Amino acid sequence: MTISPPMDVDSLPPDIAAGSCVRPILEASRLSISYPGQRGTVVAPLQDFSLAIQTGKITCILGASGSGKTTLLRALGGFITGAPTGGVLFKGRYLQAPTPEIVMIFQENNLFPWLNVRDNVGFGLRYRPWTGEQKESRLSSIIETVGLADAIDRYPHQLSGGMRQRAAIARALVTEPRVLLLDEPFSALDVTLRRRMSEMTNMIWSALGTTMVMVTHNVEEAITMGHRVVILGYQPARIILDEDTSDPEFKDRYGTTFLALQRRIENLIE
Ligand SMILES: Nc1ncnc2c1ncn2[C@@H]1O[C@H](COP(=O)(O)OP(=O)(O)OP(=O)(O)O)[C@@H](O)[C@H]1O
């Protein structure tokens, strides 16, 4: 894969966070990523692509299959790097590699099967500069927040799908990252559980205010969970809708505001 060469930070466009004069915490700036395709072809999901992630908000990204959502998320996490790297700015500097300040949660398999909930969640704490007491307090508090206090000694195979994802979220958040990236985190769950998980993630956001970027195929989830919904058009990815959904009117699944946006998005994606 290739990455566009780095640009001079001073020559970057001004802050493009909607309605904000504060520099966004994370920003894809004129990012180009391509992969080698079959028979010598090149697949280029992102070309000269820019998106500023608003600090302290939940941004949901939707788009047709293959439009480049996961590629974008992985790039935002510093997982797509090359020489020279460029195109993703974290706190105003180019990301050269993954950082503990940006944590990613995948669809499945986020936990170590040989560790119980307590040790899985506490795994990242060993690298944080906190005292044993501080670590212990953070660990208990996050496990309590995700409702796993009674399952602390269980291993991943002894947990339901929803419990596993709750443990994964706890594990990601216990280190207090600046940004949480979620790649279709609830897609393996049934509808009811999925709703509960997105409500719980919202609750965690209310408590911690962590900047979150979530890729999802579920329109309802994106509108009700996100403060902003971004729809990607197809190859190369381009933003075809960028909507502020923070107004409480968007959170009523039966309300006209929610239903109108849901219809608009479904028409754009199909
Ligand atoms: N490692 C890779 N090697 C080659 N091509 C890749 C690789 N990863 C992704 N692609 C291609 O890049 C394009 C974008 O893929 P990506 O997974 O980012 O899209 P997506 O929008 O997340 O798709 P989906 O919704 O189906 O998960 C697709 O055409 C895909 O086949």
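Helices (H or I, at least four residues) and strands (E, at least two) are taken here as DSSP runs, numbered from the N terminus. The structure is a predicted model, in which local features need pLDDT of at least 70 and side-chain atom pairs count only at pLDDT 80 or more, while totals for chains, interfaces and linings use all residues. Residues are numbered from 1 along each chain as its sequence is written.

By that assignment the protein chain holds seven helices and eleven strands. Of its 270 residues, 36% are buried, a residue being called buried if 20 or more other C-beta atoms, placed from the backbone, lie within 10 Å of its own. Where contacts join residues with a separation of 6 or more, 71% of them link residues 24 or more positions apart; a contact requires that the two C-beta atoms, placed from the backbone, lie within 7 Å.

**Domains and core**

The domain assignment, which comes from an automatic or database source, divides the protein chain into domain 1 (2-101 + 177-269) and domain 2 (111-176). To the contact between them domain 1 brings 15 residues and domain 2 brings twelve residues. On the side of domain 1 that touches domain 2, helix α5 (residues 191-208) supplies the largest share, seven residues. That side of domain 1 consists of 13 nonpolar, two polar and no charged residues, with Ala, Val, Leu, Ile, Met, Phe, Trp, Tyr, Cys and Pro counted as nonpolar, Asp, Glu, Lys and Arg as charged, and the others, Gly among them, as polar.

The largest nonpolar core comprises 60 residues, and those with the most contacts inside it are A170, L180, L181 and V213; such a core is a set of buried Ala, Val, Leu, Ile, Met, Phe, Trp, Tyr and Cys residues joined through C-beta atoms within 7 Å. Helix α4 (residues 161-173) gives the most to this core, namely six residues. Because domain 1 (2-101 + 177-269) and domain 2 (111-176) both contribute residues, the core lies between them.

L181 belongs to strand β8 (residues 179-183) and is buried, with 26 other C-beta atoms within 10 Å. Apart from residues up to four places away in sequence, L181 touches L73, L76, G77, I102, M104 and V213. The C-alpha atoms of L181 and G77 are 7.2 Å apart, although 104 residues separate the two along the chain.

In strand β9 (residues 211-215), five of five residues are buried. T211, V213 and V215 point one way from β9, whereas M212 and M214 point the other way. Its pairings are set out below, two strands being paired if DSSP finds at least two bridges between them.

Among the bridges, C60 is partnered with M214 of β9, and V179 with T211 of β9.

**Helix α1 and the ligand**

The ligand is surrounded by Y35, V43, P45, G63, S65, G66, S67, G68, K69, T70 and T71, each with its C-beta atom, placed from the backbone, within 6 Å of the ligand. Two or more residues of this shell come from each of β3 (42-53) and α1 (69-76), and α1 gives the most, with three residues. The shell divides into three nonpolar, seven polar and one charged residue.

Six of the eight residues of α1 are buried, so the helix is largely enclosed by the rest of the structure; they are K69, T71, L72, L73, A75 and L76. Just after α1, G78 takes a positive phi of about 80°.

Terms used
A residue is buried if 20 or more other C-beta atoms lie within 10 Å of its own, exposed if 12 or fewer, and partly exposed in between; C-beta atoms are placed from the backbone.
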